[in-house]
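Thank you all for coming; today I would like to walk you slowly through one structure.

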Amino acid sequence: MRLRSVCLREIHIDLIAPFQTSFGTSHSRRVILVEVDIDGATGWGEVVAGEDPFYSYETVETAWHVLRDHIWPILKGRDFRAAADVFDLLAPIRGHNMAKAGIESAIWDAEAKARGIPLWKFLGGTREEIPCGVSIGIQATIPELLAKVEKELAAGYQRIKIKIKPGWDIEPVRALRERWPRIRLMVDANSAYRLEDAPLLKSLDPFYLIMIEQPLSWDDIYDHAALQKQLDTPICLDESIHSAADARVAIELGACRIINVKMGRVGGQTVVRRIHDICQEKGIPVWCGGMLETGIGRAQNVALSTLPDFVLPGDVSASRRYWIEDIISPEVEVTPQGTIRVLSKPGIGYAPKLERIESLTKRKELPP
Ligand code: SMG
Ligand code: MG
């Protein structure tokens with residue numbers, strides 16, 4: 001197969017509500033959409049890099065540059081066997097996984113469409129309904145947090161994750177546990193703590209959280225292993241896992257008991273499958289993380305969440321939690337049981353709304 005053309009678009013889209021983590025607050029998103037033509041079949045991918053280099057070093061600007069000036073020249077006109085080969089073709093480019101994933105996932109979509117099968121099946125998915133959780137940002141007050149959680153539980157979501165940071169950790173967890181002793185609850189620190197904070201993190205053990213996500217540095221695995229030894233609560237790694245090799249090291253060192261898989265962070269669907277397979281073999285459950293995606297990235301996340309080891313509810317939730325109007329049709333919807341049912345159309349299964357995308361587009365380029 002051959003990549004005939006690529007179209008890069010940057011869209012700007014407002015979030016329904018601001019989203020606050022330990023590293024900052026998002027009010028709106030700048031998102032790169034990648035449209036590819038593979039032998040006449042069209043595929044769509046999304047680049048999840050942020051506006052600022054706070055979650056990772058990649059940004060919208062670095063991803064645009066790497067896609068246009070480095071990835072496209074490697075893939076242009078190149079013959080390859082399958083979407084599954086693209087990640088390895090891009091090996092000369094070190095890092096920049098979010099840029100790579102944007103185009104690689106679009107090629108997966110195009111190949112699935114050319115074969116006339118849904119992307120989730122093409123990836124090897126086995127689940128037709130995926131369990132969903134929500135991620136709730138840092139709130140100004142505990143009553144506001146409780147109100148948010150109440151709303152999401154009423155909508156059916158199967159697990160609640162709250163963002164924590166020093167000064168907003170034990171108290172919100174205690175308040176949630178007092179109100180809802182039995183819900184599936186977890187916290188995500190986005191690297192806000194240090195190994196010296198182990199006693200504080202240990203004091204979360206009595207709240208039987210299903211996991212603590214990424215407590216320590218974004219580039220650390222070793223200290224997480226030391227921390228995990230001291231905690232009963234499982235550690236889940238997010239920012240620290242960039243590759244299949246990282247997953248293997250983290251598991252071997254005992255740095256985590258769960259892994260959050262994000263396609264953008266690891267470079268595309270092929271590496272998602274490799275990490276999935278390693279974790280499955282080692283008995284480590286995985287779940288799909290979220291990056292405030294628009295419908296394109298969300299549809300890709302729904303597809304990968306159908307792989308068999310995605311046993312825990314992910315941060316993949318309904319379009320309407322993020323956007324007044326999403327850029328796909330139908331929008332991603334969640335059942336009252338807190339699940340998303342996969343679609344049976346070829347590829348990602350959701351159609352990009354081209355007029356809406358055009359109206360949100362701030363820059364567009366078809367590199368020659
Ligand atoms: O997409 O619902 C979502 C956000 C899920 O919490 C979420 N993502 O560290 O897991 C994480 C964060 C990273 C994105 S913060 C802008
Ligand atoms: Mg996280």
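Let me begin with the metal: the magnesium ion (ligand 2) is coordinated by Asp188 (OD), Glu213 (OE) and Asp238 (OD), at 2.1 to 2.3 Å. Donors here are N, O and S atoms within 2.8 Å of the metal (3.2 Å for Na, K and Ca), and since water is not among the atoms, sites may look incomplete. Before going on, a word on the source: this is a predicted model, in which local features need pLDDT of at least 70 and side-chain atom pairs count only at pLDDT 80 or more, while totals for chains, interfaces and linings use all residues. Residues are numbered from 1 along each chain as its sequence is written, chains are lettered from A and ligands numbered from 1 in the order in which they are written, and side-chain values use heavy atoms, with hydrogens and water left out.

Along the chain, the donors of the magnesium ion (ligand 2) follow the spacing D-x24-E-x24-D. Asp188 in strand β7 (residues 185-188) and Glu213 in strand β8 (residues 212-213) are 25 residues apart, so that this pair links distant parts of the chain. When I speak of helices (H or I, at least four residues) and strands (E, at least two), I mean DSSP runs, numbered from the N terminus.

Two strands count as paired if DSSP finds at least two bridges between them. The chain crosses from β6 through helix α6 (residues 170-179) to β7, and this β-α-β crossover is right-handed, which means that, with the strands pointing away from the viewer, the path from the first strand over the helix to the second runs clockwise.

How many residues of strand β6 (residues 159-163) are buried? The count is 5 of its 5 residues, with Arg159, Lys161 and Lys163 on one side and Ile160 and Ile162 on the other. On to the next pairing: strand β5 (residues 133-136) and β6 are parallel over 4 bridges, and Val134 stands opposite Ile160 in β6. The crossover from β5 to β6, through helix α5 (residues 142-155), is right-handed as well.

Now to another sheet, an open one, where 4 strands stand in the order β3-β2-β1-β15 with antiparallel pairing. β3 (41-47) and β15 (361-365) are at the edges, each with a single partner strand, so one side of each is left without a neighbour in the sheet. Within this sheet, 14 bridges join strand β1 (residues 3-21) to strand β2 (residues 24-38), and the bridge partner of Asp14 in β2 is Ser28.

I will finish with helix α9 (residues 244-253), whose buried residues are Ala244, Asp246, Ala247, Ala250 and Ile251. Seen down the axis of α9, these fall within an arc of 160 degrees, taken from the directions from the helix axis to the C-beta atoms, so they line one face of the helix.

Notes. Buried means under 20% relative accessible area, exposed over 50%, partly exposed in between (1.4 Å probe, protein chains only).
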